Amino acid sequence: MHPGEMSVFPKISLKPEVTEYLRNVFLNKEVLAAVDTQEAESRFQKLLTCLSHPPSSTCVRASTHLAPLEDIRLSLEKELEKQKCGSSAEVPSVQIVPHPRITDVLLLPVDGPRAVERLSSELVVGAQCGSAVLRGAHVFAPGIVASPKYMKAGDMVSVFSDLEGRCTRGATSFQGNRVFVGNGVAEMDRSAIFATETPARGVGVRMVDPLYKSPSFDGVLPSMVFLQNLPSVVVGHVLTPQPGERILDMCAAPGGKTCHIAALMGDKGEVVALDRIRNKIDRIRQNAQMLSLQSIKAFCFNSTQAVSDKPKQEAEGPPFPPESFDRVLLDAPCSGLGQRPNMASTWSLKEFCSYPPLQRKLFQAAVRLLKKGGVLVYSTCTVTLSENEEQVAWALNTFPCLSLQPQEPHIGSEGMLGAGLSPEQLRLLQRFSPELSWEQTDTTAPLTCRADTDTIGFFIAKFLKT
């Protein structure tokens, strides 16, 4: 694929003030002292482009605490073969390869962008639904915002994603800011989708000719495979949880990392998962149950208040006395600017900048809850300096008891210049920067090479408390 062909979507659409803010981040003084302005500007433009496109591989975390990786790989192969039987087109077998360094990861290639003819019959979905379609999902009925007036089950339709949420629900057409994501077959009549009494559920459009083709994992081996972005899986390994330890996951929903930690410990020990949103806690418990993990205890609680100075009550839940945990994962709430594909954000700069103060409050609680000799891992799925490297610099200044530690595996790039950290400190950080390899991603290169660089934007720092 030639570089020009990789960009089928416009760059991520952000408010001008946000674009300007980000440009200043990626063209900061330290960066410009290391690379020329043209190179820095080029990286920034590549970032804006790659954020609107999905990664070129699908990453699946396998439940290797329940079965060997190769057995799971073969079962998955069989399941995905079944999906093909239902499709009329000649589909080549899906290639599923183990990650060479991460023992519980399977990788699948994404075929795209493909040349797909648009049809005259057009259906519109919300931006979140559109992004899910680009990563292999079918269109679920709640995601549909507009459809042809006389659409019946069985009709072929072209699916468009409404980038700014401007389409009126129930409309018959929409000409606003939208992008084409592929063709599918309607599974329901229009009247059933927009019925007023009970909102429609289930698959509304089965995608048969998506712009980016990857298998649908809906209902596929739910206890054996878990769809998770590669950097999110790396976090669990970097934390290196050990059997018998007590570990805290501070902002745990939906529980992918929580379950991974418990699995890595062989389900021996205790993983405490906190989240402040009640229904998200139910989701964590469901995931733990499905993966047969007994060591997870989930509580609805605001982690900024998780440290108690009162003598220990008998209750097992939060708040906890200081130094209660061997390891703490702070996968912090963040501006989410590393998520892919993300074609548009309507957030103001004020909203984007509201996260660092909250992250610092959580960080303060994390350090207090961690035992001496314990490990704290801080991670985000964003690309800003203020939420990543600047937080590390702040933490090292604020807590003399913390020191940065090497990470294993380290497959991302090092930290970004601009926060006053030393070259040694930057090398200990792990920043997944898809813009650095964008347009060099040769689709003939082995999937495992592409998978490590063509990821979501993500950041990981590992600290030891002495």
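Is Thr240 buried or partly exposed? Thr240 is partly exposed, with a relative accessible area of 29%. The cut-offs run like this: buried is under 20% relative accessible area, exposed is over 50%, and partly exposed lies in between (1.4 Å probe, protein chains only).

This is a predicted model, in which local features need pLDDT of at least 70 and side-chain atom pairs count only at pLDDT 80 or more, while totals for chains, interfaces and linings use all residues. Residues are numbered from 1 along each chain as its sequence is written, and side-chain values use heavy atoms, with hydrogens and water left out.

Stay with Thr240 for a moment. Its phi is near 40 degrees, a positive value in a residue other than glycine. Thr240 sits in the loop between α8 (230-239) and β11 (246-249). Helices (H or I, at least four residues) and strands (E, at least two) are DSSP runs, numbered from the N terminus. Asp267 also has a positive phi, near 60 degrees, and is not glycine. Its place is the loop between α9 (256-264) and β12 (270-275). Asp267 is partly exposed, at 21% relative accessibility.

Now turn to the salt bridges. A salt bridge is a side-chain nitrogen of Lys or Arg within 4 Å of a carboxyl oxygen of Asp or Glu. The count comes to 25 salt bridges. One of them joins Arg23 and Glu41, with the closest N and O atoms 3.1 Å apart. Arg23 lies in helix α2 (residues 16-26) and Glu41 in helix α4 (residues 37-51), so the pair ties together parts 18 residues apart in sequence. Arg23 is partly exposed at 23%, and Glu41 is partly exposed at 22%.

Another pair is Lys372 and Glu323, whose closest N and O atoms are 2.9 Å apart. Lys372 lies in strand β15 (residues 370-380) and Glu323 in the loop between β13 (296-300) and β14 (325-331), so the bridge ties together parts 49 residues apart in sequence. Lys372 is exposed at 58%, whereas Glu323 is partly exposed at 32%. Salt bridges that share partners also join Arg246, Glu270, Lys297 and Glu316 into one network.

Arg101 pairs with Glu408, the closest N and O atoms being 3.6 Å apart. Arg101 lies in the loop between β2 (97-98) and β3 (105-109), and Glu408 in the loop between β16 (402-404) and α14 (423-428), so the pair ties together parts 307 residues apart in sequence. Glu408 is exposed at 51%.

Glu408 leads on to the backbone. The peptide bond from Glu408 to Pro409 is cis, with omega near 0 degrees. The bond from Gly112 to Pro113 is cis too, with omega near -5 degrees.
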